[in-house]
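Hi everyone, thanks for making time.

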Amino acid sequence: MSRPDLHMLTGAYALNAVPHEEEGEFVAHLSTCAACALEVAELEATAARLAGAVAEAAPAELRGRVLTTVATTRQERPRGRLAALAPESWPTWLSSPATMAAALLLVVSIGLAGVSWTQHSQAQRSEALARSITAVIADPGQRTVTKQLAGGATGTLVTAGGHAVLLVNDMAPAPSGHTYQLWLMAPGKAQPVGLASPKTGTLQAYLDTLDGAAQVGVTVEPSGGSRQPTTTPVMVFDLPA
Amino acid sequence: MVVAAARHLKPVGTAGQVDVARSADPLDALLLRVARGDTDAYERLFDLVSGQVFGVIRRVLRDPAQSEEVAQEVLLEVWRSATRFDTTRGSATAWILTMAHRRAIDRVRSAQASADREERIAQQERDVPYDDVAERVETRLEQQQVRRCMSSLTELQRESVSMAYYGGYTYREVAELLAVPLGTVKTRLRDGLIRLRDCLGVLA
């Protein structure tokens, strides 16, 4: 099915009228189309109102049976979910690879994070990265941590499926002759992930692998980066266990 | 919680009526307590939602015994997986009723997998026509609102939406039963739901 057709399935999907064999493709599309994902959420909420219109008293014995069973039924353990961000608060550039290309500032060194970019053109890289970032953010199992940083910056780390997205707004430029460097950190160890020099005050990074790390950190390093952190991190995020 | 309340404020209705601003769904607070193992909260939640859960399942499945079985599964699943509910992704009511409808549909489809396709199409003719939804609803504010907003759809949109939602048909089956192109059905379902969304003032 071509992409325009997939957009048109939001209503059918919200009504549970998409055949099972087609659901996978549509759900995959949702992870690349924030507008579709939002529309599906709204239309599912609308469809739930249709359920309310045909409410009917449940058989009396159902109540007793369910309540008795609940008393002896275990619940799923909580997933330690932290503050989550609403989809509509994400910047709109996420759905536009062109703006993504202009905003993309992270250079990922070959081999250090298990990702190699040299085979792709800048445009392909930008598009692929935009999709990867959206996939993490739109993942129903994603976890989000937001922190206020010294100097007024806001940093957000979103993790899903072993990948992570770091977004920092209102970030001061690195001091002259210096750059920001990202690290995957574990006790006593720091693995360099890449360098970033945000010119517009916004830093966006996609971390393809988290490699058993306990934290993601950002330090200020001399231009060109360092093998190991030489300064105290300006921000640190704990990764979910 | 302020954010959650703002989500449920309804805009002025398109018919010039002022929709009453609703506070956050009381089920949201109950479900959050259920997620922490609160059985009293679950009991209150059950009383508030079991009628809607059973009603939608029975409207789709029709058979009372099967409907009761699926309703029990859903209501237990709500208890078991309450920790998965996230208020930023919608209301507790929507979460629960989406689950109920999906389970009913799954049951219909698994039964249909072995049923004769011709028989299924013949069954459609014997089925209660979609207008009957309007006849059976009780006169309560919520149901009146839905009925009013359903009448704001075109007849073709209403027909397709009802066949898909209450009839449990896939969009392909709806297209075949109505003898219209797939694209037409997709558009009717989408436009119909969007119109319903705007009339009801639904925010995700």
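Let me start with a question: how many cavities of 30 Å³ or more does a search of the whole structure find? The search turns up two. Keep in mind that we're looking at a predicted model.

I want to stay with the second largest cavity, which has a volume of about 30 Å³. Its lining takes in residues from two chains: Ala14(A), Asn16(A), Glu44(A), Ala47(A) and Ala48(A), plus Leu97(B), Thr98(B), His101(B) and Tyr165(B). Two elements give two or more residues to that lining, namely helix 4 of chain A and helix 5 (92-113) of chain B. As for how you find such a spot, rolling a probe the size of a water molecule over the atoms shows where empty space is left.

Now let's follow helix 4 of chain A, because Ala51(A) lies in it and counts as buried, with a relative accessibility of 0%. What does Ala51(A) touch, if we don't count residues up to four places away in sequence? The answer is Gln52(B), Val56(B), Leu97(B) and Tyr165(B).

Is Glu39(A) buried or exposed? It counts as buried, because its relative accessibility is 14% and the cut-off for buried is under 20%. Its side chain makes a polar contact of 2.6 Å with the side chain of Arg190(B). Leaving out neighbours within four places in sequence, Glu39(A) is in contact with Thr10(A), Arg190(B) and Ile194(B).

Let's zoom out to chain A. You'll find seven helices and nine strands there, and 44% of its 241 residues count as buried. If you take contacts between residues at least 6 apart in sequence, 59% of them join residues at least 24 apart. Chain A exposes about 11300 Å², with carbon and sulfur atoms supplying 57% of that.

Last topic: confidence. Chain A has a mean pLDDT of 75, and 74% of its residues reach 70 or more. Helix 2 (residues 10-14) has the highest confidence in chain A, at 96, while strand 1 (residues 106-108) has the lowest, with a mean of 32. Over residues 80-121 of chain A, pLDDT stays under 50. Where pLDDT is low, the predicted coordinates should not be read in detail.

Notes: Residues are numbered from 1 along each chain as its sequence is written. Chains are lettered from A and ligands numbered from 1 in the order in which they are written. This is a predicted model: local features need pLDDT of at least 70, side-chain atom pairs count only at pLDDT 80 or more; totals for chains, interfaces and linings use all residues. Side-chain values use heavy atoms; hydrogens and water are left out. Helices (H or I, at least four residues) and strands (E, at least two) are DSSP runs, numbered from the N terminus. Buried means under 20% relative accessible area, exposed over 50%, partly exposed in between (1.4 Å probe, protein chains only). Contact means heavy atoms within 4.5 Å. Accessible areas come from the Shrake-Rupley method with a 1.4 Å probe; for residues, only the protein chains shown count as cover. pLDDT is the predictor's confidence in each residue, from 0 to 100. A polar contact is a pair of N or O atoms within 3.5 Å; within protein, one must be able to donate a hydrogen and the other to accept it, and residues adjacent in sequence count only if both atoms are side-chain atoms. On a 1 Å grid over the protein atoms alone, a cavity is a set of points where a 1.4 Å probe fits but cannot get out, and a pocket is an open set with protein on both sides within 12 Å along at least five of seven lines; lining residues have an atom within 4 Å of a point. Grid points are joined across faces, edges and corners, and a volume is the space filled by probe spheres set on the points.
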